[in-house]
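Please consult the structure alongside each point.

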Amino acid sequence: MRKEESLTANLDWPLFGAIIAMLIMGLATVYSVAFNEDAPSLFAFSEKYGRQLFWIIFSLFLGLLVFLIDADIYRRFAIPIYLSTLVLLIIVLFMPAVHGAHAWLGVGSFGVQPAEFAKISTSLLLAKYISGLTVKQQTTGTVLTASSILLIPMVLILLQPDAGTFVVFTSFLFVMYREGLTFDPILLNFVNAIPGVRYKETWVGSHFIPILFALVLLSIITLLLDAVVFHVNLFSLDLELSGSSGVIFGLLVIYVISWLLMQRFSTRRERSRMMVVLTLGLILASMISFTVDKGFDMLRPHQKDRIELFLGLREDPNGDDYNRNRAMAAVGSGGFLGKGYREASVSSVRSNHVPESETDFIFCPFAEEWGFVGVLFLFILYLFVLFRIIIIAERQRSAFNRIYAYCVAMILFYHFAINIGMNIGFAPVIGIPLPLFSYGGSSMMSFSVMLFILLKLDAQRKEVLR
Amino acid sequence: MNLDARRNVILSFIVLVIGIYLFRLFYMQVLDDTWTLRAQEIAEKRKEIFPPRGVIFDRNGKKIVTNQTYYNLMMVEDSIQNLDTAAFAQLIGWTVPEVRQRFKDIVEGEGTYYNKITGKRTSNYQKIRAYPFLKELTLEEMSKIAPHLANFKGFHEEATSARNYPYKSAANILGYLSEVTREEIEEDHFYKPSNNIGRAGIERFYEEELRGVKGIKYIVTSALNNAIESYADGKYDTTARQAEPLKMGMDVVLQAYGEQLMQKKKGCIVAIEPSSGEILSMVSAPSYDPNLLVGKRNISSNYPKLATDPNLPLFPRPLQAEYPPGSIFKLVQSLIAMQEGVITANTGFPCDKSLVGCHNHPSARNIAEAIQYSCNPYYYMTVRRIIQQGVKKNAFADAEYGLNKWYRYIRSFGLGDIFDTDVSGQRPGLIPNSKFYDKWYGHHTWAFSTIRSISIGQGEVKLTPLQMANIVAIIANKGWYYTPHFVRSIGRKGPRPEFKKRHWTMINYKHFDPVIEGMRMVVNVPGGTGKMARLEDIVVCGKTGTVQNPHGEDHSVFFAFAPMNKPKIAVAVFVENAGWGGTWAAPIASLIIEKYLKGKVSDPEKEKRILEAQIAYKSAH
């Protein structure tokens, strides 16, 4: 094992290449969007692109450091790393607010955001903790511990407040799902308390996370249809259904269809069990939809406005929705082939139409300049990176490495999905950067370090016995 | 439990989301052009070019309204480098704090727009956009600044056009321009902020005819918004077209002369060409130079002065001063009486001063003499015959019948209502009918004796000078008139159809001869009241009048047309607080007639007397 001392030994070149490609594309976009003809040099440190280049070089240097250190320390020192991040997250709350959030540690443009690094340390500790468990061993305690590892930094981040990073932390739920972490122990405590009931597992507990997402989806659909009135003509009976009853009606239709399919395709034994699941699902879903609908009506007007804007039910191009509206105009005007490099007329920094077009809205100038073709290329690149990370994850011998890789994949995916979603009206404007693209030191360093740790773990995967 | 299958759940989730996003992006970028249009709107890729406003000519082809080039000093904040504020302030003749304040004002004023949704002013200031720092500089002012602009990066000049009135007269006719209001922009998308719109007179009435067709240029702005090039080689561009010139019936030389004659006096002159209804001149004295109200700077400094002037230069006297017409009404009464057959041209009445006061003169033996002497008792008796025709047994019902008949005659002279024409700001005057008196006195409680003062043009009757001038035109035409109007033609298009329609009065043409003969005698018979209007070789027909003024000295009034046989001009002259009509109004009318018909004045003494007179005019201190 010690024979190959070369740094690049066992390096996953496809992923490394893709990362470098993204960094170059990001730098090129920052150069285009923030171009100042008085300082056209890419190395002009007074300009954003000059500083971005510095951050990239600095991040690559950090990556080099990561490669010089034995990968074993991450597993061994996961707890101290995690705890020190928590300390930083607490300290940052006492720092002066920048743009209304206590997120920055340090001075001026060289400040860092501890929340960015909390993602890495949480990934490490979660990987360490879950890798020590097996499905059979799970108890109420293990579930609560795993959840706490997530919840403590989440609460601290929400106190800043930083809604974007808070949402990103829910990406760890996918990892927990992948690793078979089940909420059964907690649920069984309640279910088995009913006299005469003795379950060994509940279907809900092990699929807790997908069910949670299904519920969120159901709530959003209910809200989207809140204002709509359906006309149903049933046996010459003209029914008027409100949005939420429409959803319940739809659920009922799905139920009936599933029941008919079951009669046709399933065995009698399966049927009775699935009937229970389906019926319970229908009742629960209907109740949730109903509650969401009624709950929404009880909200105060400005809260309703917020939600309606978030869901895109209402347009307010010059008010709260200004950013998103301008961003969508920039993206949408790109066309098939784009306007050409450095021709982004809407989203360039100096034209001032799209705020934050070099940081959180960097996708705007990219999409405007390169059009759908460029977007397709970027998406393929991202898909490649995500798939490559999951391939890397699945080839690890150690559970720690695998879980960490999944964490990286899901965090990247979340950032991608929410950031691009902001630009196309699919996600609220919650200000999170596009990884490796957006201008900014903290996110550049944290994503680079996160990925280089993964590459290092992968490079050393054969040394690990566990 | 097989956890490896869950990898596929996650992978499918990722692929699903990316797929949906791609679908959405394909729709947004390729299929749907909503966002492309929105982006164009945002980046202002459509540039509108406003043509210079249409010019205006007078009846003799003299250019009376033109455009003059002015300059704005524009500022682009992003291009400003190391501004030496002190030197810049010195260059434009300001103080340093004023310059600083102006920068602030631009950001908070021009750099904001009214947000309809929130109802607040919201900033859309852009550092790369040009805003006017100084507006409406003359060539002279700009030529002092321009050579030094190279030292002040971020500032440049931009030419704009503004109105110019070379004859410095007819301000009350032409009107003026001022900046559009927010409401006007919302109502008519032709306008953009800081555009001008016709605010009064011809400029307002013919706004759409004068503003022309704006051009649209599609431009591609670079990311820096400054390299501008044509989009698709100008395939979609339209060129701006200046409006076709307006030709007015006004004689600008006559107008300027009228304004000169009326200097240091209050009152008005209205002159109409009877054969066409074109208004030759409409003086509202005191008058002012229309160039005083060109541009925002001028308006803000001069308008308050004009508005607070005690001589009321902004009050459109020819259109809105409603006077009891006085003696001119006797002409109309004569015509109605003859048409009704209650008198003939040769009916005479004794001058019975017990009926109504009169001055000393022989009794009138016919209508011409009645007009010559302006005999009040004569018209008392004549109009009594019109009103109380004895058709109804009840005297009150009879008066009602007679008055309404009289009312219909009067209305056929175009009185009692505004003319449907391009003269804006008219008042209707007042012609009473039975309903009017019923409301005043009660039904069937009034008869001729109650309303007798209308017979000599006093009492309830009120007319504007424009209406009175039109009565003269009707008499000159012997029974018909064209609606008085300003504009003869627009471009190659002739007069508007409504101006070519003859309006007939209910009076037969033959009844006009005795009236015209009376008017001739007023001016041309020795000792006639209008002798000061006499001209050597032009037969002027006229009528003096005195409008009783409860607030002070009576107004001097004179009406005339000339020449008698082929009338070319009908004129009404009012001089406020000048007393008897023959003294001041008559000579002014004759000077106007002579100037118009012959181009010069034969009696310089008469002219000098008028020019030097100052009547009831408050001089500025």
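1. Domain bounds are taken from an automatic or database domain assignment. The structure is a predicted model. For chain A, the assignment gives domain 1 (13–181 + 377–459) and domain 2 (221–306). Taken over C-alpha atoms, the centres of domain 1 of chain A and domain 2 of chain A are separated by 38 Å.

2. Helix 2 (residues 48–68) of chain A packs with helix 18 (residues 441–459) of chain A at an angle of about 30°, and their axes are 9 Å apart. Angles under 35 degrees count as roughly parallel, so helix 2 of chain A is roughly parallel to helix 18 of chain A. The crossing of these two helices is right-handed.

3. Which residues make this contact? Helix 2 of chain A contributes residues including Trp55(A), Ile56(A) and Phe67(A), while helix 18 of chain A contributes, among others, Met444(A), Phe452(A) and Lys456(A). By class, the contact of helix 2 with helix 18 of chain A has 14 nonpolar, 5 polar and 1 charged residues.

4. Helix 4 (residues 78–92) of chain A and helix 5 (residues 114–131) of chain A also pack together, at an angle of about 150° and with axes 9 Å apart. Helix 4 of chain A is therefore roughly antiparallel to helix 5 of chain A. Their crossing is left-handed.

5. Among the residues in this contact are Ile81(A), Tyr82(A) and Leu89(A) of helix 4 of chain A, and Phe117(A), Leu124(A) and Lys128(A) of helix 5 of chain A. The residues of the contact of helix 4 with helix 5 of chain A comprise 13 nonpolar, 3 polar and 1 charged.

Definitions and conventions. Residues numbered from 1 in each chain as written. Chains lettered and ligands numbered in written order. Predicted model: local features only at pLDDT ≥ 70, side-chain atom pairs only at ≥ 80, totals over all residues. Heavy atoms only, no water. Axes fitted to C-alpha atoms, helices over the stretch in contact; angles between N-to-C directions. Helix = DSSP H or I, 4+ residues; strand = E, 2+ residues; numbered from the N terminus. Parallel < 35°, antiparallel > 145°, perpendicular 65-115°, else oblique. Left-handed = near helix turned anticlockwise from the far one by under 90°. Contact = heavy atoms within 4.5 Å. Nonpolar A, V, L, I, M, F, W, Y, C, P; charged D, E, K, R; others polar.
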